[in-house]
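I opened the model to look up a few local features and kept these notes as I went. Entries follow the order of the look-ups.

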Amino acid sequence: MRIRTHLGQWPSPAIRWRLCSTLPQSIEANDLIILHRDTLTEDADQHEPSQFAAAAGVLTVTAETITLRLGGTVHPLAGERSDDWLAAFAAFLECGFMPPDALVLAHAWREPHRLEGNAWPIDYANFPRVLGLDAMRPSVPFAACPWQLGLYPVVASAAWVERLLELGVKTLQLRAKTLEHATLQAEIKRAVQAARHHHAQLFINDHWQLAIEAGAYGVHLGQEDLQTAQLQTIANAGLRLGLSTHGYYEMLVACHLRPSYIALGAVFATTTKSMPTAPQGLTRLAHYVQLLKKQVPLVAIGGIDQAVLADVLATGVGSAAVVRAITEASDLPKAVATLQHAFVRNLDLVE
Ligand SMILES: Cc1ncc(COP(=O)(O)OP(=O)(O)O)c(N)n1
Ligand SMILES: Cc1nc(C(=O)O)sc1CCOP(=O)(O)O
C-alpha cells in the first residue's frame with residue numbers, strides 16, 4: 001500500500017492476485033506461490049510446478065535471480081533488486097500489470113525514486129536481464145533505421161505498397177498472411193522493387209528468408225517468431241529488424257536482441273487481429289517511451305487513426321503503424337495527407 005500510493009492512478013486490476021510467501025492451506029487459481037531457494041540448480045525446478053499446479057504461478061527466488069512460471073511459460077530474470085521488491089511487486093500487480101511485467105518493474109523499483117517524487121521506474125540501468133537469450137542474440141546489433149520512422153502503414157499486398165508509395169509514404173510493411181509460397185515470393189519481390197524505386201523503407205512481416213532473398217530493407221517479427229527465426233542470418237544479410245512487444249517483459253527480451261526498432265502495442269483495441277493482451281492505453285505507452293526512448297527507435301501500433309494520432313505522438317514515439325486507418329479510408333490520398341500532417345505538426349512541437 002505504501003508503494004502503491006506513489007505510482008499514480010491506474011484502473012483496478014482485472015485479476016486479484018494473491019501472493020503466498022508461505023504455503024496456503026488450500027491453493028487457489030489466482031495464487032502466486034513464492035519459493036526461496038539457495039540456487040536454481042536443484043531438481044526442485046522440475047517438481048515445483050506440478051506440486052503447485054492449482055496456482056496461477058510460482059516464483060522461485062534466489063539471491064540473483066527470480067524465475068516466474070505462469071501458464072506454462074517460464075520467465076527467468078536476473079538483476080539487483082531492493083529489499084522491498086516483493087511489496088513493489090504487489091503494488092505493480094495492483095496497478096493492473098500482469099505478473100511478468102509487474103516482476104520486471106519490481107526489480108527496477110528503487111526507494112529513492114519515491115523520495116525524489118518520481119516513483120515510476122524509468123532508469124534502464126535498474127531493469128533486470130531476461131536469462132537464456134544469448135543463444136539467439138546476433139553477434140552485432142541489427143542495422144540501424146531512422147529514429148523517426150514516421151507514418152508506417154501495414155498492408156497485405158504489393159499493390160497496396162505501390163499505391164502508398166505513389167502517395168509519398170516512406171515507411172511500410174508488407175504483412176501478407178494468406179498467400180501461398182510462390183505468390184508470396186512474387187509479391188515480396190514486387191513490393192521490394194517498388195520500395196527501392198521510391199527510396200522507401202519496406203519491412204516484410206514474418207517471411208524473413210524471402211525478405212533476404214528479395215533484398216528488403218527490413219523484417220518485422222513477433223515474439224513467437226523468435227523461437228524459429230535465425231536472427232544471425234537476418235543480421236548478416238544486413239536487413240533491419242523490427243520486433244513486436246506487448247509489455248515490459250517482452251521489451252526486455254526485444255532490447256537484448258538489439259533490433260532496429262521496437263513496436264509497442266496494442267495501444268488501443270483493434271479489430272484487425274485478435275489480441276491475447278488487453279490494450280495498453282496512452283498512459284502505459286508514455287511510460288514505455290520514457291524507458292526506451294534513448295535505447296531504440298519506437299513504433300506505436302494498434303487502433304491508431306487520425307483522431308488519436310496526435311496524442312500517440314505526444315508520448316514521444318517516432319512512428320505509428322496503422323492498418324485500418326489506411327485500408328478502410330474512404331479517401332486514401334486525403335487520409336495519408338492528414339496522417340502525414342500530424343507527424344509534421346508533432347515534429348514542429350518537439351523542435
Ligand atoms: C509495426 C508492427 N508492430 C507489430 C506487429 C505485429 O507483429 P506480430 O506480433 O508478428 O503479429 P502479426 O503481424 O504476425 O500478426 C506488426 N506486424 N507490425
Ligand atoms: C498487426 C497488429 N499488431 C499489433 C500488436 O499490438 O502487435 S496490433 C495490430 C493491428 C493494428 O491494426 P489497426 O491499425 O487496424 O488497429
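How many nonpolar, polar and charged residues does the shell around ligand 1 have? I worked from a predicted model throughout. By class, I found six nonpolar, seven polar and four charged residues in the shell around ligand 1.

Ligand 1, position. I listed 17 residues around ligand 1, and Gly-222, Ser-244, Ala-263, Ile-301 and Ala-321 come nearest.

Ligand 2. I repeated the look-up and got 15 residues around ligand 2, of which Gly-265, Thr-270, Thr-272, Val-323 and Arg-324 come nearest. The shell around ligand 2 divides into seven nonpolar, six polar and two charged residues.

Annotation. I checked the record: an unreviewed UniProt entry carries the annotation "domain: Thiamine phosphate synthase/TenI" over residues 157-326. For residues 157-326 I noted 42% helix and 18% strand, with the end C-alpha atoms 13 Å apart.

Helix H6, burial. Which residues of H6 are buried? I found Glu-187, Ile-188, Ala-191, Val-192, Ala-194 and Ala-195. Looking down the axis of H6, I saw that the buried residues fall within an arc of 165°, so they line one face of the helix. On the face of H6 turned away from the buried side I noted the exposed residues Ala-182 and His-197.

Helix H6, surroundings. I then looked for what covers the buried residues of H6; the cover includes helix H5 (158-166), strand S8 (171-174), strand S9 (201-205) and helix H7 (208-214). After H6 comes His-199, and I recorded a positive phi for His-199, near 50°.

Glu-80. I placed Glu-80 in the loop between strand S5 (73-78) and helix H2 (85-94). Is Glu-80 buried or exposed? I counted 12 C-beta neighbours inside 10 Å, and therefore Glu-80 counts as exposed. I also took the distance from Glu-80 to Ala-108, which is 28 residues away along the chain: their C-alpha atoms are separated by 8.1 Å.

Note on methods. Residues are numbered from 1 along each chain as its sequence is written. Chains are lettered from A and ligands numbered from 1 in the order in which they are written. This is a predicted model: local features need pLDDT of at least 70, side-chain atom pairs count only at pLDDT 80 or more; totals for chains, interfaces and linings use all residues. A residue is buried if 20 or more other C-beta atoms lie within 10 Å of its own, exposed if 12 or fewer, and partly exposed in between; C-beta atoms are placed from the backbone. Helices (H or I, at least four residues) and strands (E, at least two) are DSSP runs, numbered from the N terminus. The arc is that of the directions from the helix axis to the C-beta atoms. Two residues are in contact if their C-beta atoms, placed from the backbone, lie within 7 Å. A residue is near a molecule or strand if its C-beta atom, placed from the backbone, lies within 6 Å of it. Ala, Val, Leu, Ile, Met, Phe, Trp, Tyr, Cys and Pro count as nonpolar, Asp, Glu, Lys and Arg as charged, and the others, Gly among them, as polar. UniProt positions are given in the numbering used here, feature names are shortened, and annotations may be inferred rather than shown by experiment.
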